[in-house]
Amino acid sequence: MSAARFNRELDAWLNKVKGRREALFVNVASAVKASVQSGSPVTGSPGQPVQTGHLKGSWHLEFESPTAAVISTNVEYAPPIEEGVGPHGALTLRSQVGGWHSVKMTRAGFQRLVQHEAKKLGAR
Amino acid sequence: MIDHFGMHLAMRARALTLSVVTTGSTSLSATSTGYERASGSFLTDGFAPGMEVTGTSFSNAANNAAKTITAVTATALTCPGCVTETAGTRTLSVGLPSTRVWENLVPATAPTVTDPYVLEQYLPGPAARVTVGSDGQLEVEPLYVLSIYGVANTDVAALRQYVDALLLHFAPDTVLTLSNGDLVRVRGNPAPFAGQLLRREDAPGWVVASVNIPFRCRTAPN
């Protein structure tokens, strides 16, 4: 193999890796939001309980840079819902969907989420 | 096989051996308002208002019973329920609160707003086959959540020390052995982490902080 051809192939491989890395980052960020918002079999997160849908709909994903994303909500009662604790003690789940601890389950399952998304990319 | 029951009980058993603060064996006396010592310091040992303290080796059972500290100085703990007893070699210690709300079980003693208590939740988490073949090992990642309900308006020392002690007690790589021989290990990434303090509104009320302990267990499928 000539040096020129080697360089071309190396550049092509690097571009492919860069593209896959960027795609993985976007996909993982989206999967994290989905895990917190709607639950995930990969992380075991139950997703947000739903009464009016206000909290579930409030979660949003923002890309601060090519390598940083923030998944957040500005709903005041999001922390008590996460912990399952309300103003008068432990909350009773009345929603047919979702549950408590979605954020911490997503956090605990983050590595699995990355592996899952990487596997999906690698299959293409 | 996956043994969530065994894992849950093993985690609970580990929590029961928590030690937050202790005087060690030392000369202690009791008065009608609490405990006293002639040497050493309760402050240096880490005792704080809002902690539940129990005695060991007092002659009077009331002085060994669990009670909540309301004030601390270097030489005195103020807590209700003590009876006068002259100095002797004893121990005062703080561990897991004596009122424990285990999952799906009404506690023997109902929580009261003047005393801390603990509530547990076991989240089984996802499972996956991680080695090849129909006999491939299963890996499960449960999460054990202990919520310490601290007495409101007692500052942060008590709750923070309960939380810190639990994080240390369930440090990464802590291994619990199940009766079937499986090993359940505290994960290091993520490592155990604490939640923020959340206040309950019913006066005087509690403030709750949770400790979230991620585990991992690999087991045969059957």
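In this predicted model, Asn153(B) lies in the loop that runs between strand S13 and helix H4 (157-169) of chain B. Its phi is positive, about 60 degrees, although Asn153(B) is not a glycine. With 62% relative accessibility, Asn153(B) counts as exposed, because the class begins over 50%.

**Backbone exceptions**

Most residues other than glycine have a negative phi, and most peptide bonds are trans. Chain A also supplies an exception: His101(A) has a positive phi of about 65 degrees and is not a glycine. This residue sits in the loop between S4 and H4 of chain A. His101(A) is buried, its relative accessible area being 1%. In chain B, the peptide bond leading from Asn189(B) to Pro190(B) is cis, with omega near 5 degrees. Pro190(B) belongs to the loop between strand S15 (183-186) and strand S16 (193-194) of chain B.

**Chain B as a whole**

Chain B contains 4 helices and 18 strands. Its C-alpha atoms fill a box of roughly 70 × 40 × 30 Å along the principal axes. Of the 222 residues in chain B, 50% are buried. Among contacts in chain B with a separation of 6 or more, 66% are between residues 24 or more positions apart.

**Aromatic pairs**

A pair of aromatic rings is described by the distance of the centres and the angle of the planes. Over all chains, the search of the whole structure finds 8 aromatic pairs. Two of them, both in chain B, are set out in the table.

| Ring pair | Centre distance | Plane angle | Geometry |
|---|---|---|---|
| Phe42(B) and Phe47(B) | 5.6 Å | 90 degrees | edge-to-face |
| Tyr117(B) and Tyr149(B) | 4.4 Å | 15 degrees | stacked |

**Interface of chain A and chain B**

The size of an interface is often given as the accessible area lost when the parts come together. Between chain A and chain B the buried area is about 1,900 Å², with carbon and sulfur atoms giving 57% of it. Chain A brings 21 residues to the contact and chain B brings 28 residues.

Across this interface there are 7 residue pairs in polar contact, both residues being at pLDDT 80 or more, and 2 salt bridges. One of the salt bridges connects Glu141(B) with Arg112(A), whose closest N and O atoms are 3.0 Å apart. On chain A, at least two residues each come from helix H3 (78-83), strand S3 (85-86), strand S4 (89-90), helix H4 (102-108) and helix H5 (110-122). H4(A) gives the largest share of the side that touches chain B, 4 residues. By class, this side of chain A has 10 nonpolar, 7 polar and 4 charged residues.

**A buried serine in chain A**

Ser40(A) occupies the loop between helix H1 (3-38) and helix H2 (54-58) of chain A. At 13% relative accessibility, Ser40(A) counts as buried, because that class covers values under 20%. The side chain of Ser40(A) reaches the backbone nitrogen of Val42(A) at 3.0 Å. Leaving aside residues up to four places away in sequence, Ser40(A) touches Ser35(A), Ser45(A) and Leu113(A).

Note on methods: Residues are numbered from 1 along each chain as its sequence is written. Chains are lettered from A and ligands numbered from 1 in the order in which they are written. Side-chain values use heavy atoms; hydrogens and water are left out. Contact means heavy atoms within 4.5 Å. Buried area is the accessible area (1.4 Å probe) that two parts lose on being put together, summed over both. A salt bridge is a side-chain nitrogen of Lys or Arg within 4 Å of a carboxyl oxygen of Asp or Glu. A polar contact is a pair of N or O atoms within 3.5 Å; within protein, one must be able to donate a hydrogen and the other to accept it, and residues adjacent in sequence count only if both atoms are side-chain atoms. Ala, Val, Leu, Ile, Met, Phe, Trp, Tyr, Cys and Pro count as nonpolar, Asp, Glu, Lys and Arg as charged, and the others, Gly among them, as polar. Buried means under 20% relative accessible area, exposed over 50%, partly exposed in between (1.4 Å probe, protein chains only). Rings of Phe, Tyr and Trp (its six-membered ring) pair if their centres lie within 6.5 Å; planes under 30 degrees apart count as stacked, over 60 as edge-to-face and the rest as tilted.
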